[in-house]
Amino acid sequence: MNTPLRRVSVGFMLLFFALLANITYVQAFQADELNARQDNRRVVLDEYSRERGPIIVADTPVARSVSTEDEFEYLRQYPEGPLYAHATGYYSFLFGRAAIERAENDVLAGTDDRLFVRRLVDLVTGREPRGGSVKLTLDPTAQGAAYDGLGDRKGAVVALDTTTGAILAMASTPTYDPNPLASHSLDEQQAAWDSLTTDPNRPMLNRAIAQTLPPGSVFKVVTSAAALESGRYTPETVVPGPAEYDLPQSTRTLPNQSGQPCGPGGETTLANALRISCNTAFAYIGNDLGDEALREQAERFGYNSQPLPEMNAATSVFPDELDEPQTALAAIGQFDVRATPLEIAMTSAAVANRGVLMRPYVVEEILGPDLAVIDQTQPSELSQAVSAETARDLTAMMVDVVENGTGGNAAIPGVPVAGKTGTAQSAPDRPPYAWFTSFAPADDPRVAVAVVIEETGENTDISGGRLAAPVARAVMEAVLGS
Amino acid sequence: MSEASDSLAPRRGRGIELALLLFAVAISAAAYVSVDIGALGRVPPNALGYFGGLAALAGLAHVVVRLRAPYADPTLLPLVVTLNGLGLAMIHRIDLAGASEEELAGGGIEAAAAPSQLTWMVVGVGLFVAVFLLVRDYRVLARFTYTAGFLGLFLLLLPLVPGLGREINGAQIWIRVGPLSFQPGEAAKIVLIVAFAGYLVRTRDALALAGRRVLGVDLPRARDLGPILVVWVTALAILVFQRDLGPSLLLFGIFVLMIYIATERVSWLVLGALLAVLGGLAANALFAHVQVRVQGWLDPFSDTDRFFQIVQSLYGLAYGGLLGTGLGQGRPDLVPFAQSDFIVSAFGEELGLTGLMAIIVAYGLLAARGFRTALVQRDPFGKLLAAGLAISLALQVFIVVGGVTRLIPLTGLTTPFLSQGGSSLVMNWVLVALLVRVSDATRRPTPPAPPTDEAVTQVVKL
């Protein structure tokens, strides 16, 4: 009986090896995949039991973990609630994470590789591992001014440091309070989530970076840039500016908002066309340059590529394959051209920064649990959007817009401001969007701003200047004053 | 030590056993203490008492073995004590996870399972001792072949008796007498192994006779198919009426492997495999509870609510990773039935791949020593008995560990010695007692050698 006995015992030996191989596979190789699964409560509980690092704005935590007595051990709090909600995001047991809470989760949770040495130290010294801190670039005064300016209107503001690309203000209204979403009461989380997700105004949408709208006349800055860069235009070049522009290959016409020609004899200069936001002149220039040139210029300003991917920003679009009437419309920021307030601010910032477009960023520093700086965002160039010379011409033209044109509401006494108004129609049955973008001081730029207010009463550039420019002005003043 | 100096005297290994036992008790007590340190941050107040209690139990078992089975394999008992001790620590650990703040502060956990498991361990060691007192020579068991067979079947069917049987978690495998619940299946397993061994010793010559030859395999004669069919039908009956896949598979597996060893005919293995596949396919086609297990094995993440158990088990294992969270520091209570069916994933979580491997290797060693005993044993009954017991242990571990780690479909079986459950623990102690009993006979030097001056040793007197 020994032969079969030996075979049986060898058989069992193989089965046991199979057990060992299988647990090795599960625990060593499949483990990361299993630990990353959304429905894995264990990992979340573990995270909650750790002191999550704060998110800091100007030395003040805008998101922090406080110790509690219940099962989860730490409660995530947002002291300023709605003011920074779109930057911090939320940290919810049921609904996961958003914005910085999601993007910098590894740092905040303390699992980031850059915190490895500290984790090791914690392990040896037996201290509870803690998360690192994330310091944001936001400027509290600018952020406050942005929300005060927007008030209860639906809209968004982005302010950029023109020389670095740091985001100084990022506001989106209506906003929301992330605190109930982080509540340890699951019912409260659910109730908050239900009310936020069913709200037709979509308060959790970050309109500053995640929603594209037709930019309307603020896109004329890009068209002007393309014209100047072509070498065939100067600010003084005379262009046709009739009351109505006959769209090529079409029976339709494109009128000026005023219904008047842009200058005597239906002619004007490029600089004047921008100052009074002359549709017909820019439609003409658009067709003169062609869609290829417009697209190339737009892309150098950041269109058709995603900025701020860590925050899931939307990609602004300058469409492909345009025919002539479409090119004419695109040149004035209509048709399928779509931009986020972030993109509009980037455009102004590039003009302000002698034509150099900086990569926008919102995380300034990563700090260890001991507040030592672990990582610092280095400003980097995205592209040379226009030449320094073109930038200088554009700046002068945009200063003219504020000082003598549609953007008078953005003027700051004693500080030269460059700007451009815009009003855009998305659909005939919905109110147009009021836009404004600017930078200041024009002679030594520090801050660039884009403002959009989603609903205005009338479809004229006046509304962009009337509604959005004061908000931009307040934000610029906040940055320059601080 | 005196054995070592005399090369002719066989090594009994009792000293080694004692040293290993100390080690086993130390590991168990250390596990118990680290559970409390990990979960509560303090050394349990009863640590010394616990250590003393375990040491006393292990010492008692050791003394009985020393007196009654001096030549027994010295590794069996320490392995069993280690596993039992680790199981106690983990059950205690999951008690702590389920306890409220007040209970932890007040000291008493109302629904604690560890104290009753400890009580069952005492009963188990008691039965272990009883086996040595009652069964001086395992060969007497061969006399009870048919009695054991009927007793085994009777025990298997007992839970189906109305008023006596109870259904817990969907399986009708319990009986309740007064305040005590018991799984007679655990006892039936051992009784049936005795019966199989006795029966096969008598009939193996007939069963080995070749019938027709098909595809190079000598099939058994049709008239000899009776026993395997009886066991097969019994196994299916367990599956159908008690809705329990594990014991059914275990029982049939043990019988098929024993008949193969007894007859040395591969044809029995082929036949057994065919019948198992047939039964398995039919069960999968007919019973929803089997289908859930099979689907949960094939693709557990297709529906994490429906296959909640296996998915949670895998999460626990993954979370443990290579080194584990440390005892008392994971969340093994998130896995359902973490104290019983899924205790292996609790170990995988808190001790990691490393610790779980050690536990599996401990089982492997236990089974290997069992097979070794069977191989060396000359008496056919003893050989088959030891083989049956070793197979039962190894197969059960494979089925349950393979199930919770998704190597094979999940089936309801306890992990021997580790899992919470009195019936299982007590009966596994009996199983090991029998194995130790047989190993003593196996390793005992054959006395009949003509007495020479040198060969007269104390050993013979025993």
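This is a predicted model: local features need pLDDT of at least 70, side-chain atom pairs count only at pLDDT 80 or more; totals for chains, interfaces and linings use all residues.
How are helix 4 of chain B and helix 14 of chain B oriented to each other, roughly parallel or roughly antiparallel?

**View 1. Packing of helix 4 of chain B and helix 14 of chain B.** The angle between helix 4 (residues 76–98) and helix 14 of chain B is about 160°, and their axes are 10 Å apart. Angles over 145 degrees count as roughly antiparallel; the two helices of chain B are therefore roughly antiparallel to each other. Their crossing is left-handed. On the helix 4 side, the contact is made by B:Leu76, B:Leu79, B:Thr82, B:Leu83, B:Gly87, B:Met90 and B:Ile94. Facing them from helix 14 of chain B are B:Ile343, B:Ala346, B:Phe347, B:Ala362, B:Leu365, B:Leu366 and B:Arg369. By class, the residues of this contact are 11 nonpolar, two polar and one charged.

**View 2. The side of chain B that touches chain A.** Here 38 residues of chain B are in contact with 28 residues of chain A. Helix 10 (245–263), helix 13 (308–320), helix 14 (343–376) and helix 15 of chain B each contribute at least two residues to this side of chain B. Helix 14 of chain B provides the largest share, 12 residues. The side of chain B that touches chain A comprises 27 nonpolar, eight polar and three charged residues.

**View 3. The largest nonpolar core and the surroundings of B:Leu385.** This core has 149 residues, and those with the most contacts inside it are B:Met258, B:Leu385, B:Ala387 and B:Ala390. Its largest share, 17 residues, is supplied by helix 15 (residues 380–404) of chain B. Leaving aside residues up to four places away in sequence, B:Leu385 touches B:Tyr138, B:Ile193, B:Val194, B:Ala197, B:Leu434 and B:Val438. A second, separate core has 141 residues, including A:Ile209, A:Ile366, A:Ala410 and A:Val417.

**View 4. Chain A as a whole, for orientation.** Chain A contains 17 helices and 19 strands. It has 482 residues, of which 54% count as buried. Considering contacts in chain A between residues at least 6 apart in sequence, 70% join residues at least 24 apart.

**View 5. Two cis peptide bonds in chain A.** One cis peptide bond joins A:Thr173 and A:Pro174, with omega about -5°. A:Pro174 is in the loop between strand 8 (167–173) and helix 9 (186–198) of chain A. Another cis peptide bond links A:Ala440 to A:Pro441, with omega about -20°. The loop holding A:Pro441 runs between strand 18 (433–440) and strand 19 (447–453) of chain A.

**View 6. Positive phi at A:Arg202 and A:Leu308.** A:Arg202 is not a glycine, yet its phi is positive, near 45°. A:Arg202 sits in the loop between helix 9 and helix 10 (220–229) of chain A. Because A:Arg202 has 16 C-beta neighbours inside 10 Å, it counts as partly exposed. A:Leu308, also not a glycine, has a positive phi of about 50°. A:Leu308 belongs to the loop between helix 13 (291–300) and helix 14 (324–331) of chain A. A residue is buried if 20 or more other C-beta atoms lie within 10 Å of its own; A:Leu308, with 22 such neighbours, therefore counts as buried.

Notes
Residues are numbered from 1 along each chain as its sequence is written. Chains are lettered from A and ligands numbered from 1 in the order in which they are written. A nonpolar core is a set of buried Ala, Val, Leu, Ile, Met, Phe, Trp, Tyr and Cys residues joined through C-beta atoms within 7 Å. A residue is buried if 20 or more other C-beta atoms lie within 10 Å of its own, exposed if 12 or fewer, and partly exposed in between; C-beta atoms are placed from the backbone. Helices (H or I, at least four residues) and strands (E, at least two) are DSSP runs, numbered from the N terminus. Two residues are in contact if their C-beta atoms, placed from the backbone, lie within 7 Å. Ala, Val, Leu, Ile, Met, Phe, Trp, Tyr, Cys and Pro count as nonpolar, Asp, Glu, Lys and Arg as charged, and the others, Gly among them, as polar. Axes are lines fitted to C-alpha atoms, for helices over the stretch in contact, and angles run from 0 to 180 degrees between N-to-C directions. Angles under 35 degrees count as roughly parallel, over 145 as roughly antiparallel, 65 to 115 as roughly perpendicular and the rest as oblique. A crossing is left-handed if the near helix is turned anticlockwise from the far one by less than a right angle, and right-handed if clockwise.
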